[in-house]
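Visitor: Before any terms are applied, please show the model to which they refer.

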Amino acid sequence: MIEDKTKKYSTKSWAFISLRVSTTIILTYFFFITVALGQIKVVDADTIILNKEKIRLHGIDAPESEQYCYVNKKSWPCGKRATEYLKKVLEGVSIPSLHCDISSKDRYGRSIGVCYIGDKNINSILVENGWALAYREYSRDYIPNEKLASKRKIGVWQGDFVEP
């Protein structure tokens, strides 16, 4: 009888050790993948951090995170929604599939760039879906996208807003 208990305990021990080793291996793998590949963080709807580099998306201007817009005189958090939209666009995107073409630095030291997921221009996606405006002071690249969003009355264009 003592031998059977030892055998059961031994089997349970091996199962527990196996589980701990597997968990450790999986967590270590994810840690090294995160460190090796870096991270993508959304600061607001026109700024991201990619591998510790703060990047201001070129040619667009989005509502500030705390900004409110109005539909039928009722306020809604358009800045927060614009930021959430960019997070959704980047959700599940791996670092290798996201790249930014950096053109310069702004007065705050941020890199200025056009970012892509594969061949999809994120800057363009934000403007075309109404979550950012074409920043005409710096670029005319996204004016057609802005006109389309305005015509479709989507994003900030569904009501009234103060230009960011």
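Guide: By class, nine charged, six nonpolar and five polar residues make up the lining of the largest pocket; Ala, Val, Leu, Ile, Met, Phe, Trp, Tyr, Cys and Pro count as nonpolar, Asp, Glu, Lys and Arg as charged, and the others, Gly among them, as polar. The model is predicted: local features need pLDDT of at least 70, side-chain atom pairs count only at pLDDT 80 or more, and totals for chains, interfaces and linings use all residues. Residues are numbered from 1 along each chain as its sequence is written, and side-chain values use heavy atoms, with hydrogens and water left out.

Visitor: What makes a space a pocket and not a cavity?

Guide: On a 1 Å grid over the protein atoms alone, a cavity is a set of points where a 1.4 Å probe fits but cannot get out, whereas a pocket is an open set with protein on both sides within 12 Å along at least five of seven lines. Lining residues have an atom within 4 Å of a point. The largest pocket has 20 of them, and Arg56, Asp106, Arg110, Tyr135 and Tyr138 lie nearest its centre. Strand E3 (53-57), strand E4 (60-61) and strand E7 (98-105) each give two or more residues to this lining; strands are DSSP runs of E with at least two residues, and helices are runs of H or I with at least four, numbered from the N terminus.

Visitor: Why is the pair of Tyr135 and Tyr138 called edge-to-face?

Guide: Rings of Phe, Tyr and Trp (its six-membered ring) pair if their centres lie within 6.5 Å; planes under 30 degrees apart count as stacked, over 60 as edge-to-face and the rest as tilted. For Tyr135 and Tyr138 the centres are 4.9 Å apart and the planes stand at 80°, so the pair is edge-to-face. The whole structure holds four aromatic pairs, and ring pairs link Trp76, Tyr85 and Trp131 into a cluster.

Visitor: Where does Ser124 lie, and with which residues is Ser124 in contact, its neighbours within four places in sequence left aside?

Guide: Ser124 belongs to helix H3 (residues 122-128). With those neighbours left aside, Ser124 is in contact (heavy atoms within 4.5 Å) with Tyr142 and Asn145.
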